[in-house]
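Please examine the model shown below together with its sequence.

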Amino acid sequence: PNIWPPAEYRRREDELERFVAEAHPLGVKVVEDRYDPQEFYDAARGLENEPERGARCTACYRLRMRRAAEYAAANGFDWFTTTLSISPHKDAARINQIGQELAAAFGVPHLPADFKKKNGYLRSLQLSDQYGLYRQDYCGCAFSKKEAMEREGQKKQEVSNHEEWGSGKSICLYENGSGAPYRGGVRHCFHGGGAAFFGLHRVSG
């Protein structure tokens with residue numbers, strides 16, 4: 001529910017559907033959760049001026065992961081997890097702590113992970129290139145969009161100043177997270193608004 005505007009939500013949903021259909025050999029089913037941005041704004045109330053990775057992001061993680069845990073509990077999954085930690089901008093320790101708290105609340109174990117480690121982020125870039133995936137330039141919410149636009153404006157100003165000073169070219173690269181598939185025992189991919197949440201079943205053998 002955090003993704004803004006709705007067209008961005010649909011674009012990311014479509015990319016997830018396409019990627020799962022093309023890339024996953026197990027016939028994973030994508031389950032779309034309800035899209036109600038007001039749920040996010042209610043969770044973020046009073047935290048509007050928090051910086052990215054601050055308390056607003058923690059509230060957002062909890063909101064979205066809670067829905068994944070609820071779905072996992074209601075549909076008989078053995079585990080739940082999230083691809084959020086693939087991003088260099090996301091705090092894996094905080095994400096995993098929330099996961100453990102939700103696991104205790106809903107009775108479904110959380111699979112702790114830091115998917116950016118062991119070249120996980122590099123692998124996400126390779127997969128994006130391989131499948132021609134859209135890679136967004138902001139996390140997803142209206143607040144992160146505003147911050148991204150401000151960064152872009154600052155970058156353009158710096159480039160303009162650089163050109164005026166006759167100092168050559170200025171290049172700025174922004175890294176953005178992207179989900180990578182979990183290769184063992186996935187049954188459903190749950191689209192909860194900006195990140196894919198995977199419900200996992202144990203695989204014997």
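Asparagine 96 counts as buried because its relative accessibility is 17%. The word buried means under 20% relative accessible area, exposed means over 50%, and partly exposed lies in between (1.4 Å probe, protein chains only). Asparagine 96 belongs to helix α4. Helices (H or I, at least four residues) and strands (E, at least two) are DSSP runs, numbered from the N terminus.

This is a predicted model, in which local features need pLDDT of at least 70, side-chain atom pairs count only at pLDDT 80 or more, and totals for chains, interfaces and linings use all residues. Residues are numbered from 1 along each chain as its sequence is written, and side-chain values use heavy atoms, with hydrogens and water left out.

**Surroundings of asparagine 96**

Leaving aside residues up to four places away in sequence, asparagine 96 touches His110, Pro112 and Ala113. Contact here means heavy atoms within 4.5 Å.

At 40% relative accessibility, glutamine 100 counts as partly exposed. Glutamine 100 touches His110 and Pro112, again without residues up to four places away in sequence.

Alanine 73 lies in helix α3 and is partly exposed, with a relative accessible area of 35%. Not counting residues up to four places away in sequence, alanine 73 touches Phe106 and Val108.

| Pair | Separation in sequence | C-alpha to C-alpha distance |
|---|---|---|
| Alanine 73 and valine 108 | 35 residues | 6.1 Å |
| Glutamine 100 and histidine 110 | ten residues | 6.0 Å |

**Helix α4**

Helix α4 comprises the 15 residues 92-106; at 1.5 Å a residue it should span 21 Å, and its end C-alpha atoms are 21 Å apart, which agrees. The expected span of a helix is 1.5 Å times one less than its number of residues. Which residues of α4 are buried? They are Ala92, Ile95, Asn96, Ile98, Gly99, Leu102 and Ala103. They cover an arc of only 160° around the axis, which puts them on the same side of α4. The arc is that of the directions from the helix axis to the C-beta atoms. An α-helix has 3.6 residues a turn, so residues three or four places apart point the same way.

The cover over the buried residues of α4 includes α3 (55-74) and β2 (79-82). On the face turned away from the buried side of α4 are the exposed residues Ala93, Ala104 and Ala105. At the start of α4, a side-chain oxygen of aspartate 91 comes to within 3.1 Å of the backbone nitrogen of alanine 93. After α4 comes glycine 107, whose phi is positive, near 75°.

**Helix α5**

Helix α5 (residues 120-131) has twelve residues and reaches 16 Å from its first C-alpha to its last, close to the 16 Å expected at 1.5 Å a residue. Its buried residues are Gly120, Tyr121, Ser124, Leu127, Ser128 and Tyr131. Their arc around the axis is only 115°, which puts them on the same side of α5. The cover over them includes α1 (6-23), while the face turned away carries the exposed residues Asp129 and Gln130. Just after α5, glycine 132 takes a positive phi of about 60°.

**The whole protein and its confidence**

The protein has six helices and four strands, and from the N terminus on they run α-β-α-α-β-α-α-α-β-β. Of its 205 residues, 44% are buried.

Confidence is given as pLDDT, the predictor's confidence in each residue, from 0 to 100. The protein averages a pLDDT of 83, and 77% of the residues score at least 70. Among its elements, α4 has the highest mean pLDDT (98) and strand β3 (residues 186-191) the lowest (51). Over residues 164-187 pLDDT stays under 50, and the model has 58 contacts beyond four places in sequence for them.

Notes:
A polar contact is a pair of N or O atoms within 3.5 Å; within protein, one must be able to donate a hydrogen and the other to accept it, and residues adjacent in sequence count only if both atoms are side-chain atoms.
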